[in-house]
Amino acid sequence: MSGHTIFALASGGARAGVAVIRLSGPGAAAALTALAPGKPLADPRRAVLRALRDPATGEVLDQALVLFFPGPGSFTGEDVAEFHLHGGPAVVEGVLAALGQVAGLRPAEAGEFTRRAFLNGKLDLTQAEAIADLVAAETSEQRRQALDQAAGALGQIYEGWRARLIAAIAHVEAGIDFADEDLPEDIDRAARDALAALAGEIAAHLDDGRRGERLRAGVHLALLGRPNAGKSTLLNLLAGRDAAIVSETAGTTRDVIEVHLDLGGVPVIVADTAGLRDSADAVEREGVRRAAARADWADLKLIVLDRADWPDVPADLRALAADGRALVLVNKADLAPVETVEDLGPAPVLALSARTGAGVEVFLSVLTAKVRDLAVAGAGASAAPTRARHRHALEEARTALAAALDGWSTRGPELVAEDLRLAARAIGRITGRVDVEDLLDVIFAEFCIGK
Ligand code: GDP
């Protein structure tokens, strides 16, 4: 596929027991021989121990395990080699420098191994994205989602939809080419019904509450409330470390401080915001402005009340709790018992003490359940879109498909076929398979119209 053989340290920069250098391309086998002269090439996929030498000086650089994966049955589809070295920086540098001297080799660019795997048809674009997600995964649910997607869970859905669209295009185009021989009406109705069902599946897939995207990017949580309500104390308790400044003076949390947490396998980004109140101090006012903006787009708002503000909750805080994205915490319950704990509109209310930890376990279990509900689909649910890119393409496909269905019997087959082609292309862009015309040939060959 590509003339150059690429190489890179695959195991990251940190000093470790073992470092892995990976090579891919037509020169992979020659590079192995260049660094281990006089030794036979390792049997495919069998690890062998080799003394690696600098090809210019003959100096031994390391005793390393060497593997060879002949194409096309390799990750990239090309010949691939791996050196499993001792992980010290001098060893890694020495072997990288030695490889740089071998003709036809060059350092890989970011993502280039996976890019070659895609170009060689070893995986589709959703699987390539999933490999990046798997490497970035920090929580168990992120790992699960990335692994499913890497196995093709998402790509298969889209490829199935695209195949159905292409079958429909074939049907409509047959109507164009053989207009004088009228296709039977029930065939036409079946084709239209099948597309209506597909439109329903796409709509249901899009209507997932953005769970997949949230799980990938993290659920955003905003801590809101009056200065001194105990937001920073609560955040520190959540984070298990001193992440925000806790102070006796009101208005010290002036910027938005973020802490990343793992709640029930879901990544959560908690933002501690400046206390919401009118302030004469310009810097603090800016902090309050940012807090309000944060509240607007947070997935979940934690409204922290000093127990003195319960149950007569100030109107601005009451308003923040009104939209179903809030959880109200009545803090400092250690100072005096919190009387009746009832919901504030749609927002559940919990009493706790960030200082003593009383009530925090219950709060964490409620919060974890909410966060999982936002980011994790129920058992048995099919794979969800994980990037805005998927969503945009699906919306484009949905619009084009709706236009095709609306104009099915009025707009003429040429325009209907064109809308269907737009829908198929939009979905094909998600997986990177856009060879609509090729598939059309296959389907036309099988499409019986009685000739
Ligand atoms: P913030 O301005 O909302 O971030 O409030 P802080 O977390 O800085 O807390 C303000 C003050 O309230 C500090 O002196 C905290 O120690 C105190 N505080 C926070 N939570 C509690 C609590 O549950 N009980 C009591 N008694 N004091 C608390």
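**View 1. Helix 7 and helix 13 approach with their axes within 10 Å of each other and cross at roughly 150°.** Axes here are lines fitted to C-alpha atoms, for helices over the stretch in contact, with angles running from 0 to 180 degrees between N-to-C directions. Helices (H or I, at least four residues) and strands (E, at least two) are DSSP runs, numbered from the N terminus. Because angles under 35 degrees count as roughly parallel, over 145 as roughly antiparallel, 65 to 115 as roughly perpendicular and the rest as oblique, this pair is roughly antiparallel. The crossing of helix 7 with helix 13 is left-handed, a term used if the near helix is turned anticlockwise from the far one by less than a right angle (right-handed if clockwise). Look for R192, L195, A196, L198, A199, I202, A203, H205 and L206 of helix 7, which meet R391, L394, E395, R398, L401 and L405 of helix 13; contact means heavy atoms within 4.5 Å. Sorted by class, this contact holds ten nonpolar, one polar and four charged residues. In that sorting, Ala, Val, Leu, Ile, Met, Phe, Trp, Tyr, Cys and Pro are nonpolar, Asp, Glu, Lys and Arg are charged, and the others, Gly among them, are polar.

A note on all views: this is a predicted model, in which local features need pLDDT of at least 70 and side-chain atom pairs count only at pLDDT 80 or more, while totals for chains, interfaces and linings use all residues. Residues are numbered from 1 along each chain as its sequence is written, and side-chain values use heavy atoms, with hydrogens and water left out.

**View 2. The largest nonpolar core has 30 residues.** Such a core is a set of buried Ala, Val, Leu, Ile, Met, Phe, Trp, Tyr and Cys residues joined through side-chain atoms within 4.5 Å. Buried means under 20% relative accessible area, exposed over 50% and partly exposed in between (1.4 Å probe, protein chains only). Y158, W161, L165, L195, L401, L420 and I427 touch the most other members. Helix 6 (153-177), helix 7 (185-206), helix 13 (388-406) and helix 14 (413-431) each supply at least two residues, and the largest share, nine residues, comes from helix 6. Setting aside neighbours within four places in sequence, L165 is in contact with L195, L198, L401, L420, A423, A424 and I427. Another core, of 29 residues, lies apart from this one, and its members include A229, L263, V266 and A354.

**View 3. Helix 4 (residues 125-136) and helix 5 (residues 140-150) have axes that come within 8 Å and cross at roughly 150°.** Helix 4 and helix 5 are therefore roughly antiparallel, and their crossing is left-handed. On the helix 4 side, T126, Q127, E129, A130, D133 and L134 meet R143, A146, L147, Q149 and A150 of helix 5. The residues of this contact divide into five nonpolar, three polar and three charged.

**View 4. Helix 3 (residues 112-119) has the buried residues E112, F113, T114, R116 and A117.** What covers them includes strand 1 (5-9), strand 2 (18-24), strand 6 (105-107) and helix 4. After helix 3 comes G121, whose phi is positive, near 75°.

**View 5. T273 sits in the loop between strand 9 (266-272) and helix 10 (282-297).** With 0% relative accessibility, T273 counts as buried. From T273 to E258 the C-alpha to C-alpha separation is 9.0 Å, and the two are 15 residues apart in sequence.
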